[in-house]
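Here is a short report for a reader meeting this structure for the first time.

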Amino acid sequence: MAAGVVADASAAFLLRLVHDIFAVNVAAGVFKKDCTDLVRRIALFTHLLEEIRDFGPSDSDHDHASSSSDSSWSDDLAISLQAAKLLLSAASGYQSVNSSDGTAKRISFQFQCVTWKLEKSLSKIPFDQFQISEEVQEQISLVRAQLRRATERYGSLNSSKVSNAISHPLEKGRDSNNHEISAKMDTVPENRGALRHAAVEETKVLERVNSSSTPSEAFLLNESDSKGQGNLATKGTDQTKKPDTLVIPVDYLCPISLELMRDPVIVATGQTYERSYIQRWIDCGNVTCPKTQQKLKNLTLTPNYVLRNLISQWCTRHNIEQQSGLANGRLKKSDRSFRDVSGDMAAIQALVSKLSSRCLEERRAAVAEIRSLSKRSTDNRILIADAGVVPVLVNLLTADDVLLQEHAVTSILNLSIFENNKSLIMLAGAIPSIVQILRAGSMEARENAAATLFSLSLADENKIIIGTSGAIPALVDLLQHGSTRGKKDAATALFNLCIYQGNKGRAVRAGIITALLKMLTDSRNCMVDEALTILSVLASNHDAKTAIVKASTIPVLIDLLRTGLPRNKENAAAILLCLCKRDSENLACLSRLGAAIPLTELTKSGTERAKRKATSLLEHLRKLQQP
């Protein structure tokens, strides 16, 4: 119930944000077309948010969903919409007489950032959880495609306007009057504090676009009370800094994102950036330093441990949550106390150095020990990743030695259990090598590769990357021909990947329906539950629906209504409802095969969800029989 209430409140709040964006006057100015296009795309969010708002908690088939999972997608979307709103305020009506105006260049860069953020936020919305209609899902898919194309049109991060904006982030615009932009957010039950804090973090770039502050003035972060009211401002000459504000030192901000760095790394020129942003810069094909424009002699990213420790100490002093809890050789425990791990760190560093040994046996022993350590505890996973082991393990995935491969992929699986390590693994480019092991590795390596893909795909943005990597055909092959454990690992990964709409078509084209039907009719009945669970996710996709019906799956599902376990009957009814709703031909097939009898029985003795699905199906059958 709480999850539905939070989703309802979040959607209502987001709708207000969308309506506020409608109200921005974009009738004139240099960026008139950019503003108009952005508002038009955001307007298409309305139907989606209305469906989420109107989705009652009693209608949910996901009663286990927590309010924290509901707030995750809404926080991200609120951040993006707030950024869009502030950008539109800054860009609408902006006039420039100078084509090299620094403010105009930064605004242009920010259109790229905002469109990218909006597309990423939309990818995190759990459509299946809110039973979003196919029409709206298709509409949002189109919007996301438009946003991706817009991001590409604004140019990759190597454009001259971006380089200029990074090199001169505080260059004054035409208007010399200092002014303040306040980002005040309405509160939302349960997740209001998270929304406020996240919005403060994300809108710093826009604040600097419209500010004429100096570097020493940095940004003012409001440390407000528990009521969740937030304020972000830059200080002008006629303003005084309030005692409840927190100044973020400029040296702690990434030159690209202008956000507080969490994982600072040094490039070949000696400049420091947030790892994810400089990695994205490099991935775009750039070979120059964003800030100095010097050519990079190499693309190595070296962790800036000194700066990371300084930022960590600063965050600790000001009660700002940190990701790993590791600072100055001490690790935060669950009771918020610290323990000294400097000895452990030294031992792990020694292990990591042995991974590059010329001696095969020494490399085997080192990676086997890392595998063992990473399995034991979260603390070990934090320390091992902090030692920079992830890129080394990724290189070992392509080793000729089978044992090295098995230990490396299993170590990555263990490390991925800690949420913050997922991004490190993705940034290290692990997916292609994991997929190759999934195709051609030993059975143990294939099993653990599938489990690793499942773990990484728990982060919604990774579902897209993994889906486009060729992983799905390899997983379907493991589902058909793997060991018992391999089949289960493949099924779990496929289920999670197919939550993302775009991956459903890929799974169908890879032959997943044939594999699932074989699992349903297997006399041993060892994976019926997994097959039904995946089918229930796929059935909302048009291509999957067609393939399911063409494979003569309906008779098998009706048989499961009669003889299956309670959970299987529930899923079979849910799949049949997806197949037959608004499809008279499939409904007629259901009627001919005598589904009414087991459905009637299910309305009396099934689970609560099964009763709802069976009742709905019987109602459709009655309507079909009416003259």
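The buried residues of helix α14 are N380, R381, I382, L383, I384, A385 and D386. Buried means under 20% relative accessible area, exposed means over 50%, and partly exposed lies in between (1.4 Å probe, protein chains only). Helix α14 spans residues 378-386, and seven of its nine residues are buried, so by that cut-off the helix is mostly covered. G388 follows α14 and has a positive phi, near 80°. Helices (H or I, at least four residues) and strands (E, at least two) are DSSP runs, numbered from the N terminus.

This is a predicted model: local features need pLDDT of at least 70, side-chain atom pairs count only at pLDDT 80 or more, and totals for chains, interfaces and linings use all residues. Residues are numbered from 1 along each chain as its sequence is written, and side-chain values use heavy atoms, with hydrogens and water left out.

Next comes the sheet. Three strands form an open sheet in the order β5-β4-β6, with antiparallel pairing. Its edge strands are β5 (272-274) and β6 (302-303), and each pairs on one side only. Two strands pair if DSSP finds at least two bridges between them. Strand β4 (residues 264-266) is joined to β6 by two bridges, and the two run antiparallel. I266 stands opposite T302 in β6.

How many disulfides does a search of the whole structure find? It finds zero. A disulfide here is a pair of cysteine sulfur atoms within 2.5 Å. Two cysteines are listed below.

| Cysteine | Relative accessibility | Class |
|---|---|---|
| C498 | 0% | buried |
| C526 | 41% | partly exposed |
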